[in-house]
Amino acid sequence: GCEPKIVAKIFTELRSELYGESLAGAGGGGFMVLLTKQPNFQKEIEEKLIDSGLMDKSCMKFYSVSITDSGLKTEYVQSVC
């Protein structure tokens with residue numbers, strides 16, 4: 001793909017935990033969307049990125065999103081810099 005190397009490494013590291021991933025945005029920022037196989041799996045994803053050393057290279061913010069029959073809810077959870 002055309003994503004930055006760090007993003008490709010993150011996608012590869014997390015591939016077994018995900019149904020899919022996407023990268024949006026361009027230039028000096030972006031937004032990575034990860035659809036996990038397990039619900040409420042944010043903490044485990046964060047730990048896996050820390051353990052692999054991938055999280056030390058970037059400033060990341062995590063958002064928790066739920067998809068239900070009634071719509072979409074987004075909640076800001078944590079900022080790691």
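The following questions and answers examine how terms are applied to this predicted model.

Q: What is the secondary structure of the protein, and how do the elements run from the N terminus on?
A: The protein has 2 helices and 4 strands. From the N terminus on, these elements run α-β-β-α-β-β.

Q: Why does F31 count as partly exposed?
A: The relative accessibility of F31 is 42%. Buried means under 20% and exposed means over 50%, with partly exposed in between. The value of 42% lies in between, so F31 counts as partly exposed. This residue is found in strand β2.

Q: Which residues form the nonpolar patch on the surface, and what is their accessible area together?
A: The patch is formed by F31, V33, Y63, V65, I67 and Y76. Together they have about 600 Å² of accessible area.

Q: Which strands each supply at least two residues of the nonpolar patch, and which gives the most?
A: Strands β2 (31-36) and β3 (60-68) each supply at least two residues. The most comes from β3, with 3 residues.

Q: Why is N40 called exposed?
A: Exposed means over 50% relative accessible area. N40 stands at 74%, so this residue counts as exposed. N40 is found in the loop between β2 and α2.

Q: Which residues of helix α2 are buried?
A: In α2, which spans residues 42-52, the buried residues are I45, E46 and L49.

Q: How do you know that these residues are on the same side of α2?
A: I45, E46 and L49 cover an arc of only 100° around the axis, which puts them on the same side of the helix.

Q: How much of the protein is buried, and how much of the accessible surface belongs to carbon and sulfur atoms?
A: Buried residues make up 16% of the 81 residues. The accessible surface comes to about 6000 Å², and 52% of this area belongs to carbon and sulfur atoms.

Q: What percentage of contacts between residues at least 6 apart in sequence join residues at least 24 apart?
A: Among those contacts, 25% join residues at least 24 apart.

Definitions and conventions
Residues are numbered from 1 along each chain as its sequence is written. This is a predicted model: local features need pLDDT of at least 70, side-chain atom pairs count only at pLDDT 80 or more; totals for chains, interfaces and linings use all residues. Side-chain values use heavy atoms; hydrogens and water are left out. Patches are made of residues with over 30% relative accessible area and no salt bridge: like charges are joined within 9 Å, nonpolar side chains (Val, Leu, Ile, Met, Phe, Trp, Tyr) within 5 Å. Accessible areas come from the Shrake-Rupley method with a 1.4 Å probe; for residues, only the protein chains shown count as cover. A salt bridge is a side-chain nitrogen of Lys or Arg within 4 Å of a carboxyl oxygen of Asp or Glu. Buried means under 20% relative accessible area, exposed over 50%, partly exposed in between (1.4 Å probe, protein chains only). Contact means heavy atoms within 4.5 Å. The arc is that of the directions from the helix axis to the C-beta atoms.
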